[in-house]
Amino acid sequence: MVLSRAWTLIKHFEGTPKLSDFKLKEVQLPKIKNGEVLVEAEYFSVDPYMRPYSKRMMNEGDIMIGTQVARVLESNNKAYPVGSYVLSNAGWTTHSISQGKDLTPLIPNWPDHIPKSLALGTIGMPGLTAYFGLKEICIAKKGEIVLVNGAAGAVGSLVGQIAKIIGCKVVGSAGSDDKVQYLKDIGFDEAFNYKTVGSLEEALKKASPEGYDCFFENVGGYFADVALPQMRKYGRIAVCGAIALYNDTTPRKGEYVHFPLIFHELRMEGFTVQRWQDRYDEGLEKLMQWVIEGKLKYHEHITKGFDKMPAGFIGMLKGDNTGKAIITAK
Ligand SMILES: NC(=O)C1=CN([C@@H]2O[C@H](COP(=O)(O)OP(=O)(O)OC[C@H]3O[C@@H](n4cnc5c(N)ncnc54)[C@H](OP(=O)(O)O)[C@@H]3O)[C@@H](O)[C@H]2O)C=CC1
Ligand SMILES: CCCCCC(=O)/C=C/[C@@H]1[C@@H](C/C=C\CCCC(=O)O)[C@@H](O)C[C@H]1O
């Protein structure tokens, strides 16, 4: 018999989540039946979507939603041999039993020298988001100018690097001077700290006096208000996320989007990465290839220990992470 530990949401968040919104539970798991698999988590992802979607998708008392990289401990299912690694949607729980429907094997021939935690970041959902969002929504082309906010995070840091691979000029914004230095280290042409620039409008103009062809939007709110009028004619805006709004308890007031959209003839389109589910293999192979070739640099912000899951989640929302925020099980 295996003892599983799980973090449950005891209260829907009001504004920024607090440690006291979560409670650790222990559950004795039964023996696995025919077709079932028992997995043990090694790495957990904490993602911004957990903040707004927890209210839409969870009841108080549920195990927190989320993805993990796990190792198969026991198996009565040929598709998942003991010792193999899978992505699991079991959420914030150390051990879980499943029929295999919510499991995905890691891509075949995962090289030993590439950390398996990257299946939650650069060679996983955030990597795919950057790849398809930039290719299919921004339609970024060689010689164009790309703006990305939340640029030092899991998605943003890849958007900038993939745009450089395509041959674009890349401008990024992030919330600390260390993050700005990181962006320059990984090849961004221009980067600034949105928290300390006196004027966001001037910072955007200084970074690219010609304006922007593509805007990969991760943040929302004031940043978008200021960025939209700086788009060039026929510019494309990929609305990937809006993290500045996720903790809001009352709707914000802001600029009308209509005027820049009309005057600059812009196309603004929201997406979730699942749209390209049937092309994930293509994206993951490309991301893995770029990592192996050293064209995509990865950085993980690692919080050690399952006990720290809520702190790691809250820290990511506050901006503690450079690159992908990961929690290790041990
Ligand atoms: N559409 C889709 O399918 C997907 C969308 N997303 C979205 O992409 C965005 C980035 O996600 P991801 O890369 O995983 O997360 P990150 O790794 O970028 O982590 C979140 C970062 O957001 C920044 N942030 C927090 N609050 C604010 C704020 N008020 N204003 C500006 N920045 C803020 C912080 O960095 P800083 O120090 O710079 O403030 C923080 O580190 C999110 O909006 C997310 O919801 C992600 C995956 C899929
Ligand atoms: C208003 C919140 C925007 C969040 C953007 C974001 O980060 C999206 C991430 C998705 C996430 C989607 C999760 C659930 C979809 C539920 C759809 C619904 O109708 O409620 C996860 O799947 C990974 C990213 O694709």
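This is a predicted model: local features need pLDDT of at least 70, side-chain atom pairs count only at pLDDT 80 or more; totals for chains, interfaces and linings use all residues.
Trainee: Which domains does the domain assignment give for the protein?

Mentor: The assignment gives domain 1, covering 2-120 + 299-328, and domain 2, covering 125-274. Their centres, taken over C-alpha atoms, are separated by 29 Å. In the contact, 12 residues come from domain 1 and 13 residues from domain 2.

Trainee: How do the residues on the side of domain 1 that touches domain 2 divide?

Mentor: That side of domain 1 has 2 nonpolar, 7 polar and 3 charged residues.

Trainee: Turning to the ligands, how many residues surround ligand 1, and which are the closest?

Mentor: Ligand 1 is surrounded by 30 residues, and the closest are G153, V155, G175, G241 and G319. The elements that supply two or more residues to this shell are α2 (125-138), α3 (154-166) and α9 (309-318). Helix α3 provides the largest share, with 3 residues.

Trainee: And what classes do the residues of the shell around ligand 1 divide into?

Mentor: The shell around ligand 1 consists of 17 nonpolar, 11 polar and 2 charged residues.

Trainee: Which residues are around ligand 2?

Mentor: The residues around ligand 2 are P48, Y49, P52, Y53, R56, M125, G241, T272, V273 and Q274. Helix α1, residues 50-57, gives the most to this shell, with 3 residues. By class, the shell around ligand 2 has 6 nonpolar, 3 polar and 1 charged residues.

Trainee: Where does ligand 2 lie, then?

Mentor: Ligand 2 lies between domain 1 and domain 2, since each of these domains gives residues to the shell around it.

Trainee: What is Q161 in contact with, leaving aside its neighbours within four places in sequence?

Mentor: On that basis, Q161 is in contact with I186, G187, L296 and K297. As for F188, this residue is 27 residues from Q161 in sequence, with a C-alpha to C-alpha separation of 7.3 Å in space.

Trainee: A change of topic: what span should helix α8 have, and what is the distance between its end C-alpha atoms?

Mentor: Helix α8 comprises 14 residues, 280-293, and at 1.5 Å a residue it should span 20 Å. Its end C-alpha atoms are 20 Å apart, so the two values agree.

Trainee: Which residues of α8 are buried?

Mentor: The buried residues of α8 are G283, L287, M288 and W290. Viewed down the axis of α8, the buried residues fall within an arc of 165°, so they line one face of the helix. These buried residues pack against α2 and α3.

Trainee: Which exposed residues are on the face of α8 turned away from its buried side?

Mentor: That face carries D281, Q289, I292 and E293. Just after α8, G294 takes a positive phi of about 80°.

Trainee: On the subject of phi, what value does N109 have?

Mentor: N109 has a positive phi of about 60°, although it is not a glycine. The residue sits in the loop between β7 (103-105) and α2. N109 counts as exposed, because it has 6 C-beta neighbours inside 10 Å.

Trainee: What about phi of E265?

Mentor: For E265, also a residue other than glycine, phi is positive and near 50°. E265 is in the loop between α7 (258-263) and β13 (267-270). With 12 C-beta neighbours inside 10 Å, E265 counts as exposed, because that class takes in residues with 12 or fewer.

Notes: Residues are numbered from 1 along each chain as its sequence is written. Chains are lettered from A and ligands numbered from 1 in the order in which they are written. A residue is near a molecule or strand if its C-beta atom, placed from the backbone, lies within 6 Å of it. Helices (H or I, at least four residues) and strands (E, at least two) are DSSP runs, numbered from the N terminus. Ala, Val, Leu, Ile, Met, Phe, Trp, Tyr, Cys and Pro count as nonpolar, Asp, Glu, Lys and Arg as charged, and the others, Gly among them, as polar. Two residues are in contact if their C-beta atoms, placed from the backbone, lie within 7 Å. The expected span of a helix is 1.5 Å times one less than its number of residues. A residue is buried if 20 or more other C-beta atoms lie within 10 Å of its own, exposed if 12 or fewer, and partly exposed in between; C-beta atoms are placed from the backbone. The arc is that of the directions from the helix axis to the C-beta atoms. Domain bounds come from an automatic or database domain assignment.
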